Amino acid sequence: MQKFRYALFLLLFGVIVSGSYGQINESTETSEQVKIQEEEEMKAVKRKVEKAKKEDKKLKKKKKQKDKREKLLKTIASYKKGIAKDENQVQKLQSKLEKGKAKGKLAPVDIDKINSKVLKLNAKIAKNKLKLEKLLKKV
């Protein structure tokens, strides 16, 4: 009977130990699977973050291009306005010169001053028109 108990004890002990050993193997396998899943999730999160960064970078680039274009259009409008203003001033000076000559009220010095102003304004207009053409090519 003692031997039977001893054999039964060994048998139960063996079953319990082998069962727990199987659980340990299963837990290590599941822990490896969990690690693999976690790594895959981390990679997926990394990809999403990188994708979001790329999108943000694209949006910033588009905004920068839009701002640059708006600035260019404002500059073009400013040049057009300046040219129109100078041309208007040239016309006023020329009409003043013609009226003054017709009435005979202008002295030769005044005529020279008006002519020099007209020449300067014409040079400025030509210069600004060249700059405007360059800006229009950029658009």
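Me: How far apart are Lys63 and Asp67 in helix α1?
Reply: Lys63 and Asp67 are four residues apart in helix α1, so about one helical turn separates them. Please note that this is a predicted model.

Me: What do the side chains of Lys63 and Asp67 form?
Reply: Their side chains meet in a salt bridge, with an N to O distance of 3.3 Å. In general, side chains of opposite charge can pair when their charged atoms come close.

Me: And the accessibility of Lys63 and Asp67: exposed or partly exposed?
Reply: Lys63 counts as exposed, at 52% relative accessibility. Asp67 counts as partly exposed, because its relative accessibility is 37%.

Me: How many salt bridges does the structure hold?
Reply: The structure holds four salt bridges. One of them joins Asp56 and Lys60, whose side chains meet at 3.7 Å, N to O.

Me: Where do Asp56 and Lys60 sit?
Reply: Both belong to helix α1, which covers residues 2-103. Asp56 and Lys60 are four residues apart there, so they are separated by about one helical turn.

Me: Are those two exposed or partly exposed?
Reply: Asp56 is partly exposed, with a relative accessible area of 39%. Lys60 has a relative accessible area of 56%, and therefore it is exposed.

Me: Let us turn to Asp86. Which residue forms a salt bridge with Asp86?
Reply: The partner of Asp86 is Lys124, and the closest N and O atoms of this salt bridge are 3.9 Å apart.

Me: Which helices do Asp86 and Lys124 lie in?
Reply: Asp86 lies in helix α1 and Lys124 in helix α2, so this pair ties together parts that are 38 residues apart in sequence.

Me: Asp86 itself, buried or exposed?
Reply: Asp86 counts as buried, because its relative accessibility is 5%, and buried means under 20%.

Me: A change of topic: which residues form the positive surface patch?
Reply: Lys127, Lys131, Lys134 and Lys137 form the positive surface patch.

Me: Where is Lys137 found?
Reply: Lys137 is found in helix α2, which spans residues 108-138.

Me: Why does Lys137 count as exposed?
Reply: Lys137 has a relative accessibility of 71%. The cut-off for exposed is over 50% relative accessible area, so Lys137 counts as exposed.

Conventions:
Residues numbered from 1 in each chain as written. Predicted model: local features only at pLDDT ≥ 70, side-chain atom pairs only at ≥ 80, totals over all residues. Heavy atoms only, no water. Patch = residues over 30% accessible without salt bridge, like charges linked within 9 Å, V, L, I, M, F, W, Y side chains within 5 Å. Areas by Shrake-Rupley, 256 points an atom, 1.4 Å probe, with all protein chains shown as cover. Lys, Arg positive; Asp, Glu negative; His and termini not counted. Charge placed at Lys NZ, Arg CZ, Asp CG, Glu CD. Helix = DSSP H or I, 4+ residues; strand = E, 2+ residues; numbered from the N terminus. Buried < 20%, exposed > 50% of the residue type's maximum accessible area, 1.4 Å probe, protein only.
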